[in-house]
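Please open the model in a viewer and keep the sequence at hand.

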Amino acid sequence: MSPAQHHHRRELIANLRALAAFLDAHPLLPVPRYGPVRVSVHPLYDTDASTEAEAIAEVERIATLLGTTPTVQHGHHVASVALGSVHYQAVAITQAAMDRRAALESYRDVIALDAIEGA
């Protein structure tokens, strides 16, 4: 881990503690009622991984550190741990999965639901 990465890590942890203390000190502030709060790591952006294969290997490495097995579904490689309603996850999405999503989204402007009878 580079000195810059180490500094960023320490800063993130300090900021999470500060958020927890702030919320604890301000009990009238709402917090999410439904669904978890997620801290997501994306290996291509948040680690030294520079290829898709390295990003997938990093998810697998993180899964080992978490004591879990990564899930692979539709090109999404995920390693996660839940600490109550707070989840830590590492996610690598393959280029093929992103391309499929882009192809699906390319049809978005072709269909106008208000033009369909009964819509």
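**First selection: two histidines**

Select histidine 74, which lies in the loop between β2 and β3; helices (H or I, at least four residues) and strands (E, at least two) are DSSP runs, numbered from the N terminus. This is a predicted model, in which local features need pLDDT of at least 70 and side-chain atom pairs count only at pLDDT 80 or more, while totals for chains, interfaces and linings use all residues. Residues are numbered from 1 along each chain as its sequence is written, and side-chain values use heavy atoms, with hydrogens and water left out.

Phi of histidine 74 is near 50°, a positive value in a residue other than glycine. Histidine 74 counts as exposed because its relative accessibility is 61% (exposed is over 50% relative accessible area, buried under 20%, partly exposed in between; 1.4 Å probe, protein chains only).

Is histidine 77 buried or exposed? Histidine 77 counts as buried, because its relative accessibility is 13%. Leaving aside neighbours within four places in sequence, its contacts (heavy atoms within 4.5 Å) include Ile56, Val59, Val72 and Val91.

Now display the strands. An open sheet is formed by 4 strands in the order β1-β4-β3-β2, with mixed pairing; two strands pair if DSSP finds at least two bridges between them. The edge strands, β1 (37-41) and β2 (71-73), each pair on one side only. From one strand to the next, the twist averages 30°.

Helix α3 (residues 52-66) packs on the sheet and touches β3 (76-83) and β4; its direction makes about 25° with that of β3 (axes are lines fitted to C-alpha atoms, for helices over the stretch in contact, and angles run from 0 to 180 degrees between N-to-C directions).

Zoom in on β1 and β4 (residues 86-93): these strands run parallel and are joined by 5 bridges. Valine 37 has valine 86 as its bridge partner in β4.

Finally, turn to the largest pocket, with a volume of about 1200 Å³. Of its 32 lining residues, Arg9, Leu12, Val39, Val41 and Tyr88 are the closest to its centre. A pocket is an open set of points on a 1 Å grid over the protein atoms alone, where a 1.4 Å probe fits, with protein on both sides within 12 Å along at least five of seven lines; lining residues have an atom within 4 Å of a point. Grid points are joined across faces, edges and corners, and the volume is the space filled by probe spheres set on them.

Colour α1 (3-25), β1, α3, β3 and β4, each of which supplies at least two residues of this lining. α1 gives the most, with 9 residues.
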